[in-house]
Amino acid sequence: MSDNTKFGPPKGMRDWLPQETLLRQKLIRLIEHHYQLYGFQPIDTPVMENIEVLQGKGVGENEKLMFRVAKRGEEFSNSIQVVSNAGAQVVDNHGRSAVALNEITDMGLRFDLTVPLARYYSNHSNDLPKPFRCYHIGPVWRADRPQKGRYREFYQCDIDIIGGASDAYEVELLLATDRVLKELNVGKFRIRVSDKRLLPALLTGMGVEGDKVPGVAAALDKLDKQPYEQVKKEIEALGHSLEVLGKVDAFIQNALHKKLEPAHFKLGEAEALAGHIESIRQRVHEVNPDANVVFDPLLVRGFDYYTGPVFEINVEDKDFTFSIGGGGRYDGLIEKLGGPKGTPAVGISLGFERILLILMEKAKAAAQAHSSRVFIVNNGQPEKDILALAEHLRAEGIQVEASLENKKLGQQLEAAQKNGIEYAITKFEQGKASFTVRQLSTRQDKEMTKEELGKTLKNL
RNA sequence: GUGGGAGUAGCUCAAUUGGUUAGAGCACCAGAUUGUGGAUCUGGGGGUUGCGGGUUCGAUUCCCGUCUCUCACCCCA
């Protein structure tokens, strides 16, 4: 134990065993495949960005959670000098300070894929089609305290459309996301849609004072985890007139019981915003009536860079109260990173680790990835015969693991199965075109040629 | 950043109000036996009880600190 824990992976980061790696690769390939079906092109960016790219882009607390990267070589020594010359007041009780951090670090690990994408588009917009449809899958880092479904290193799967102002792009992103989540088989989920400006407009329309709007929104954001009664208390604690409270309560009750009518939105600019989101929802359902997309005016998303429609995805399971994805329209971000003025953009991000967690916990068996290797049992044949058969199969593109030790048959088969192998060649003869193939999970034997074997493995 | 819970063999867990040399199952290794699936027998390796201090004649057990893991809050995918 002590030897194992002394040198574990860093807090909140994980190692992956072969079986787990296979499963991750399989799921990522599935996601990619469907993104490609919708015409999105792959891109990639460095895991680090210069610190100016990551700072001040309206990502809320994520910026505080950034892993910063220290300067290197002489620059680092110089920065230490500057900090120590500045005196003790720059050092807080954790031995750092904003001044020291900015002096000593010049890069950071990305904490999402959207900000790097905006930087990427700004740099390459001349070489990219308009609108640009891309997907971006990779690890991001946040120095958060880990807990269930929350890690310090995790993969995000983003699709984005940049340079398209039409809300038809929202419709298409929602269709693609719905499709991918169904292919992944995550169970019941809801893609909630609203407009960032809608809830504040509704609340002010009901008479909530401006400085109390964020507090009410923050309380409503907890509805996934807490019963309304508790949220209601939090809203009441902010101090509103009875008349306002009554209106707010009535609206929330109606929203929770899905009894909202267009009349409920006749509050200033809320009417137009709600109408717009409702139209997006309708157009999604015109194309795919089964899409799990709902208009939820109570949806709150924290990022400042969103400018219009926003999305959040949840599974309908009380064991998984976290969101498995989110997104929205961020029309100002690219310009902020030096891109063409007024470049519109919209995207949705899936939280790969959380989806994987759900798949693992809900359907452990179904979430197993079989290796497409075939195992050649060693029955004491000459080594050259076994290796020759292996080479023969490899020439056909079949992945082969040959047993080179004449252990007990049971041991060999058990070990192979434990390693995720599903098919084993238990008998073969030199010069014979077919051999005995056993499916390890069912223990059924079948005589096959190498072509038949190749087909069987491909279908795993 | 805040708060709760837990750390004993590779894994799952024992160890009487604090009391001999910290045990068991599984796993692993070797040998025998079996010879087309997990069997059986024999033997074996394995631990600074997370780490450091304190109380005590004596600490896995009680106290303090610390580290790690975990759950929740904040925030988020």
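Me: What makes β13-β12-β14-β15-β16 an open sheet?
Reply: Here 5 strands line up in that order, with mixed pairing. Two strands count as paired if DSSP finds at least two bridges between them, and a strand is a DSSP run of E with at least two residues, just as a helix is a run of H or I with at least four, numbered from the N terminus. The edge strands β13 (399-402) and β16 (444-449) each pair on one side only, so by that pairing rule the sheet is called open. Before we go on: this is a predicted model, where local features need pLDDT of at least 70 and side-chain atom pairs count only at pLDDT 80 or more, while totals for chains, interfaces and linings use all residues. Residues are numbered from 1 along each chain as its sequence is written, chains are lettered from A and ligands numbered from 1 in the order in which they are written, and side-chain values use heavy atoms, leaving out hydrogens and water.

Me: How do you know that β15 and β16 are paired?
Reply: Strand β15 (residues 434-439) is joined to β16 by 6 bridges, and the definition asks for at least two, so they count as an antiparallel pair. In one of these bridges, V437 has K446 in β16 as its partner.

Me: What does α16 do beside this sheet?
Reply: α16 packs on the sheet, touching β12 (371-376), β14 (421-427) and β15; touching means heavy atoms within 4.5 Å. The direction of α16 makes about 155° with that of β14, using lines fitted to C-alpha atoms (for helices over the stretch in contact) and N-to-C directions, on a scale from 0 to 180 degrees.

Me: Which element gives the most to the surface near RNA strand B?
Reply: That's α16 again, with 5 residues. "Near" means that a heavy atom of the residue lies within 4 Å. There are 34 residues around the RNA, and R142, R150, S323, R354 and R443 come nearest.

Me: How is that surface split by class?
Reply: There are 8 nonpolar, 10 polar and 16 charged residues near RNA strand B. Asp, Glu, Lys and Arg count as charged; Ala, Val, Leu, Ile, Met, Phe, Trp, Tyr, Cys and Pro as nonpolar; the others, Gly among them, as polar.

Me: Why does R145 count as making a polar contact with the RNA?
Reply: A polar side-chain atom of R145 lies 2.9 Å from a base oxygen of RNA strand B. The limit for a pair of N or O atoms is 3.5 Å, so the R145 pair qualifies. R443 has a polar side-chain atom 2.4 Å from a sugar or linking oxygen, and L440 uses a backbone N or O atom, 3.1 Å from a base oxygen.

Me: What makes β2-β4-β3 a sheet?
Reply: These 3 strands pair antiparallel in that order, and the sheet is open. Its edge strands are β2 (48-50) and β3 (68-70). β3 is joined to β4 (residues 105-109) by 3 bridges, against a requirement of at least two, so that pair counts. R68 stands opposite G108 in β4.

Me: Why is the bond from K130 to P131 worth a look?
Reply: That peptide bond is cis, with omega near -5°. P131 sits in the loop between α6 (114-124) and β5 (132-141). K258, in the loop between α11 (242-256) and α12 (270-287), has a positive phi near 55°. Both deserve a second look because most residues other than glycine have a negative phi, and most peptide bonds are trans.

Definitions and conventions
Polar contact = N/O pair within 3.5 Å; in protein donor to acceptor, adjacent residues only side chain to side chain.
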